[in-house]
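Hi,

Here is the structure I promised to pass on. Have a look at it first, and then read my notes below with the picture open beside you.

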Amino acid sequence: MNNLQQHNDTMARVQQGLNQRYRNEKRFRRVGLSAIMSGLIFVSFLFITIFANGYTAFQQTYLKLDVVFDPALIAPLGMTDPDILSAANYGGLVKAAMREMFPSVTSRREKKTLYKLVSTGAVYQLREMVMLDPALIGTKKSVWLVADDDVDMLIKEHIDLNAVESDRRIKNNQLEWIRLLQKNGRVEKRFNSTFFTAGDSREPELSGIKGAVYGSFFTLLICLAIAFPVGVAAAVYLEEFASKNRWTDLIEVNINNLAAVPSIVFGLLGLAVFINFFGLPRSVPLVGGLVLALMTLPTIIIASRAALKSVPPSIREAALGVGASPMQTVTHHVLPLAMPGMLTGTIIGMAQALGETAPLLMIGMVAFIVDIPGGPFDPSAVLPVQVYLWADSPERAFVERTSAAIMVLLAFLISMNLLAVWLRKKFERRW
Amino acid sequence: MEEIVNQNGAVTEQLDAATDAEIDMRLVRENHRSETVGEMTVDDPRMICRNVDVYYGDKQAIFNVSLDIGKNQVIAMIGPSGCGKSTFLRCLNRMNDTIDICRVTGVIKMDNQDIYDSRLDVVSLRASVGMVFQKPNPFPKSIFDNVAYGPRIHGLSDSDTHLNEIIERSLHKAGLWDEVKDRLDQPGTGLSGGQQQRLCIARAIAVSPEVILMDEPCSALDPIATAKIEELIDELRENYTIAIVTHSMQQAARVSQRTAYFHLGKLIEVGETDQIFTAPRHKLTEDYITGRFG
């Protein structure tokens with residue numbers, strides 16, 4: 001009887017506690033879920049803002065002008081040498097076409113504002129056409145020319161027309177002309193191929209990210225070529241060959257510390273060593289790659305050591321047991337099995353290096369460079385620095401280009417990380 | 001140490017010329033030698049071990065073990081967990097070299113050469129003393145490549161046909177040929193546990209070793225697979241010298257001709273398997289095989 005009573009008492013207490021336990025578990029789950037949700041909200045906010053700001057950059061406004069390829073302006077003496085053709089006054093053609101379209105514009109000041117509707121890049125567009133086909137000289141042709149960034153912004157409705165005229169980039173008379181052009185179907189938004197084929201420029205409508213993409217590519221190439229072999233070799237030596245003593249412990253602690261060193265410090269180191277001491281040129285991907293390699297090395301070494309550690313010792317014993325030398329054991333068995341993990345770590349390290357800005361500022365990769373680099377020895381910018389430079393520019397049209405460049409950068413980062421995930425899934429092994 | 005020196009005062013006087021450390025060492029050995037009961041030598045030894053001590057750092061794991069491994073015989077090493085039988089086995093092909101803090105002293109001879117001699121190449125030693133491990137550990141490669149690995153790194157085959165012959169012969173000897181001959185290109189890790197272990201045996205005998213060391217080869221296998229491996233060990237005895245560490249006394253009784261009983265790093269008793277299991281001379285051996293501890 002006493003026993004039964006005690007049992008019932010116990011059960012009652014258990015029941016009481018049980019509810020509390022379930023409540024705790026539920027609360028814990030809710031907290032975890034809300035943490036993830038808030039993270040997702042922030043990320044989607046980031047993506048939405050960038051996309052909303054940036055997608056318009058993939059379009060560019062063009063104006064259709066009836067250009068007379070006046071021989072008097074291009075090839076006055078009937079000479080069609082490339083030298084003469086390339087030096088000809090194509091700006092005059094554009095101006096003449098504009099004047100013809102708006103004959104009412106007569107004053108010098110008004111003409112000047114009229115010419116501003118077309119980008120300075122229109123000149124190069126015409127020159128290229130003539131150089132390709134000299135037969136155009138003497139003919140009249142409708143040509144779509146790049147509009148100025150202010151016109152572009154107006155068409156994309158980024159300009160507040162309610163503002164006072166003096167505060168606006170587009171004046172009232174310009175607005176009138178543009179409306180007229182629009183009415184005649186002479187204004188069109190087209191895919192902005194310039195953004196992907198041009199280097200940096202002071203004119204937003206002529207600027208592109210090709211230079212920065214190439215710069216990033218060469219920088220990462222150098223970084224990978226140095227950091228991967230050195231990192232893997234260091235990891236293999238430390239994990240497979242070095243005896244475990246105070247020195248290797250010290251090295252391990254230092255490698256872990258290096259991974260946490262602020263990246264700008266690596267930039268200073270690169271400036272002092274590679275540029276000041278070794279005399280390498282500034283602003284080049286070679287130095288950028290070297291600096292980023294220093295920065296990525298700890299990441300690669302740590303990931304590679306973890307990958308080597310995950311190879312079961314029984315494989316090493318098996319190889320040693322049939323008489324393989326330690327070197328053969330590593331190259332024939334351990335390294336191939338650890339390689340997927342090492343590659344994953346390397347790709348993550350590379351993605352980190354791709355997004356790195358601060359150390360590159362220190363070695364002069366923040367310069368304004370128009371030319372597209374042809375190799376790791378040409379001065380160039382990299383994607384994150386390009387973002388930084390454009391974000392710093394006052395023109396409204398650079399705002400959308402900044403976001404567009406971020407989108408390109410994110411696309412590269414995401415695809416690199418997906419590659420890492422795919423590699424891990426494909427070569428994942430279980431023992 | 002003081003006590004030992006006192007006990008052996010006479011010996012100390014004889015060894016005046018030797019250094020103190022050497023004297024201590026010899027005295028310790030004299031003191032220990034008495035502990036092993038039974039015949040540790042055989043008429044036709046393949047490997048000779050004398051006064052083997054093994055240290056892990058400061059801790060001594062094996063105390064003064066002297067033992068002969070007889071030619072074309074199976075010697076079983078039994079004893080409770082942590083008695084040092086695996087450690088001793090791994091001394092025989094210097095697998096202990098892979099452990100930084102492990103130190104081996106004493107003499108282990110094969111073909112009249114000390115295998116711990118610095119002039120001896122450990123790679124060639126392991127080619128003549130093969131090893132099979134507790135957990136089947138085929139390489140994550142094809143069955144063919146698993147067996148071919150040893151011959152390849154040692155350059156044993158002159159041609160592809162020769163290599164194929166070696167592999168077929170090895171798999172035959174390991175009793176695995178009929179089961180895998182149609183799927184040599186499939187991964188060795190896809191076989192069952194017992195098959196994997198026989199694959200490891202085939203891998204070991206592909207380099208034609210003289211001695212095969214087996215470290216609890218059946219502890220991860222079911223009784224049927226175990227029976228197959230035991231049968232195989234009995235067949236292999238014809239051509240190879242085998243040293244096997246096992247936890248199963250029945251297994252030791254079934255497969256071995258000689259049995260060595262280890263206890264706390266010391267070799268307690270060694271002798272013919274029949275004698276050990278029917279008439280153990282040492283109290284500890286008797287307690288162990290009658291199941292009083294272990």
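**What I found**

Asp111(B) has a relative accessibility of 52%, so this residue counts as exposed, the cut-off for that being over 50%. Before you go further, keep in mind that this is a predicted model.

Side chains of opposite charge can pair when their charged atoms come close. Asp111(B) does this with Arg46(B): the two form a salt bridge, with the closest N and O atoms 3.0 Å apart. The pair ties together distant parts of the chain, 65 residues apart. Arg46(B) sits in strand β2 (residues 45–56) of chain B, while Asp111(B) lies in the loop between β5 (102–110) and β6 (113–114) of chain B. And is Arg46(B) buried or exposed? Arg46(B) has a relative accessible area of 10%, so this residue is buried, since the limit for that is under 20%.

Now over to chain A. Salt bridges with shared partners join four residues into one network: Asp152(A), Lys156(A), Glu400(A) and Arg401(A). One of the links is between Asp152(A) and Lys156(A), at 3.0 Å from N to O, and both of these residues are buried.

Arg190(A) and Glu188(A) make another salt bridge, at 3.3 Å from N to O. Here Arg190(A) is partly exposed, at 30% relative accessibility, and Glu188(A) is partly exposed too, at 34%. How many salt bridges are there over all chains? The count comes to 25.

**Strands and sheets**

Strands of a sheet pair through backbone hydrogen bonds, either parallel or antiparallel.

First, chain A. Three of its strands form an open sheet in the order β2-β1-β3, with antiparallel pairing. β2 (140–146) and β3 (187–191) of chain A stand at the edges, each with a single partner strand, so one side of each has no neighbour in the sheet. On average, neighbouring strands of this sheet are turned by 40 degrees against each other, ignoring direction. Tyr62(A) has Val146(A) in β2(A) as its bridge partner.

In chain B, start with strand β11 (residues 266–272), which is mostly covered, with five of its seven residues buried. Which way does β1 (residues 37–38) of chain B run against β11(B), parallel or antiparallel? These strands are parallel and are joined by two bridges, and Val37(B) stands opposite Glu269(B). Strand β10 (residues 258–263) of chain B runs antiparallel to β11(B), with six bridges between them. There, Phe262(B) is opposite Leu267(B). β10(B) and β11(B) form a hairpin with two residues between them, and Leu264(B) in the turn has a positive phi of about 50 degrees.

**Pockets and cavities**

Rolling a probe the size of a water molecule over the atoms shows where empty space is left.

The largest pocket holds about 660 Å³ of space. It is lined by 23 residues, and the closest to its centre are Glu240(A), Arg316(A), Leu320(A), Thr98(B) and Ile99(B). Which element gives the most to this lining? That is α14(A), with four residues. By class, the lining of the largest pocket has ten nonpolar, three polar and ten charged residues.

The second largest pocket has a volume of about 380 Å³. Of its 17 lining residues, Phe217(A), Leu220(A), Leu224(A), Met350(A) and Met416(A) are the closest to the centre. Two or more residues each come from α10, α15 and α18 (397–427) of chain A, and α10(A) gives the most, with six. The lining of this second largest pocket has 14 nonpolar, three polar and no charged residues.

Finally, there are two cavities of 30 Å³ or more. The second largest cavity has a volume of about 30 Å³. Its lining has four nonpolar, three polar and two charged residues, including Asp200(A), Gly211(A) and Ile369(A).

Happy exploring!

Technical notes:
Residues numbered from 1 in each chain as written. Chains lettered and ligands numbered in written order. Predicted model: local features only at pLDDT ≥ 70, side-chain atom pairs only at ≥ 80, totals over all residues. Heavy atoms only, no water. Salt bridge = Lys/Arg side-chain N within 4 Å of Asp/Glu carboxyl O. Buried < 20%, exposed > 50% of the residue type's maximum accessible area, 1.4 Å probe, protein only. 1 Å grid on protein atoms, 1.4 Å probe; cavity = no way out; pocket = protein on both sides within 12 Å on 5 of 7 lines; lining within 4 Å. Points joined across faces, edges and corners; volume = space filled by probe spheres on them. Nonpolar A, V, L, I, M, F, W, Y, C, P; charged D, E, K, R; others polar. Pairing = 2+ DSSP bridges. Axes fitted to C-alpha atoms, helices over the stretch in contact; angles between N-to-C directions.
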